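Open the model in your viewer and keep the selection tool ready. This tour goes stop by stop: select, look, move on.

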Amino acid sequence: MNDVLELLLNLDPPELPCKQVRLKRLSELCGQDVVFELKALPFSRVAEIKKAHAGDEEMGLHILLGGVVSPNLKDKRLAEKYHAHTPAELLKKLLLPGEIEDLSREIELLSGYRTLTLEDVKKK
């Protein structure tokens, strides 16, 4: 077996994974694809969200806020259009609860949650 230390030393630090997700309902309403770009959350951001929102029913919303790269949820034009004072309020007005949950789960998957990341090594 290769020396794991050497493998890790030769590995460039990995970037956080990203993914583009098409929102079916909004795409149908707009007549063209509405695509959100999502990015995995680093350990420190996940820890902050868990600490601030432990047991909070809006935890998924905060995961989504942390992982959306595009569209810019802080854009003033979007806030004005949807009469939203915060990005969280904007998401609640723009998306259905299930869409918020589905997108936050995608970010969790990108961040290594809800997936099997470990495998047992069996000797032959």
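Contact here means heavy atoms within 4.5 Å. Helices (H or I, at least four residues) and strands (E, at least two) are DSSP runs, numbered from the N terminus. This is a predicted model: local features need pLDDT of at least 70, side-chain atom pairs count only at pLDDT 80 or more, and totals for chains, interfaces and linings use all residues. Residues are numbered from 1 along each chain as its sequence is written, and side-chain values use heavy atoms, with hydrogens and water left out.

**Stop 1: helix 4**

Select residues 59–67, which form helix 4. Which residues of helix 4 are buried? They are Leu61, His62, Ile63, Leu64 and Gly67. Buried means under 20% relative accessible area, exposed means over 50%, and partly exposed lies in between (1.4 Å probe, protein chains only). Now show what covers these buried residues: strand 2, helix 3, strand 3, helix 6 and helix 7 are included.

**Stop 2: helix 3 against helix 4**

Axes are lines fitted to C-alpha atoms, for helices over the stretch in contact, and angles run from 0 to 180 degrees between N-to-C directions. Helix 3 and helix 4 are therefore roughly antiparallel. Angles under 35 degrees count as roughly parallel, over 145 as roughly antiparallel, 65 to 115 as roughly perpendicular and the rest as oblique. The crossing of helix 3 and helix 4 is right-handed. A crossing gets that name if the near helix is turned clockwise from the far one by less than a right angle, and is left-handed if anticlockwise.

Show side chains next. From helix 3, pick Ile49, Lys50 and His53; they meet Met59, His62 and Ile63 of helix 4.

**Stop 3: helix 7 against helix 4**

Select residues 97–110, helix 7. The axes of helix 4 and helix 7 come within 8 Å and cross at roughly 60°. This pair is therefore oblique. Helix 4 passes helix 7 in a left-handed crossing.

Which residues of helix 7 meet helix 4? Pick Ile100, Leu103, Ser104, Ile107 and Glu108. On the helix 4 side, pick Gly60, Leu61, Ile63, Leu64 and Gly67.

**Stop 4: Gly67**

Stay in helix 4 and centre on Gly67. Gly67 counts as buried because its relative accessibility is 1%. Leaving out residues up to four places away in sequence, Gly67 touches Glu37, Leu38, Lys39, Leu41 and Ile107.

**Stop 5: the strands**

Select residues 35–39, strand 2. Phe36 and Leu38 make its covered face, while Val35, Glu37 and Lys39 make the uncovered one. Strand 1 (residues 18–22) pairs with strand 2 in the antiparallel sense over five bridges. Strands pair if DSSP finds at least two bridges between them. Strand 2 also pairs with strand 3 (residues 68–70), antiparallel, over two bridges. Click Leu38: its bridge partners include Lys19 and, in strand 3, Val68.

**Last stop: Lys93**

Finish in helix 6, residues 87–94, at Lys93. Is Lys93 buried or partly exposed? Its relative accessibility is 43%, so Lys93 counts as partly exposed. Not counting residues up to four places away in sequence, Lys93 touches Tyr82, His83 and Ala84.
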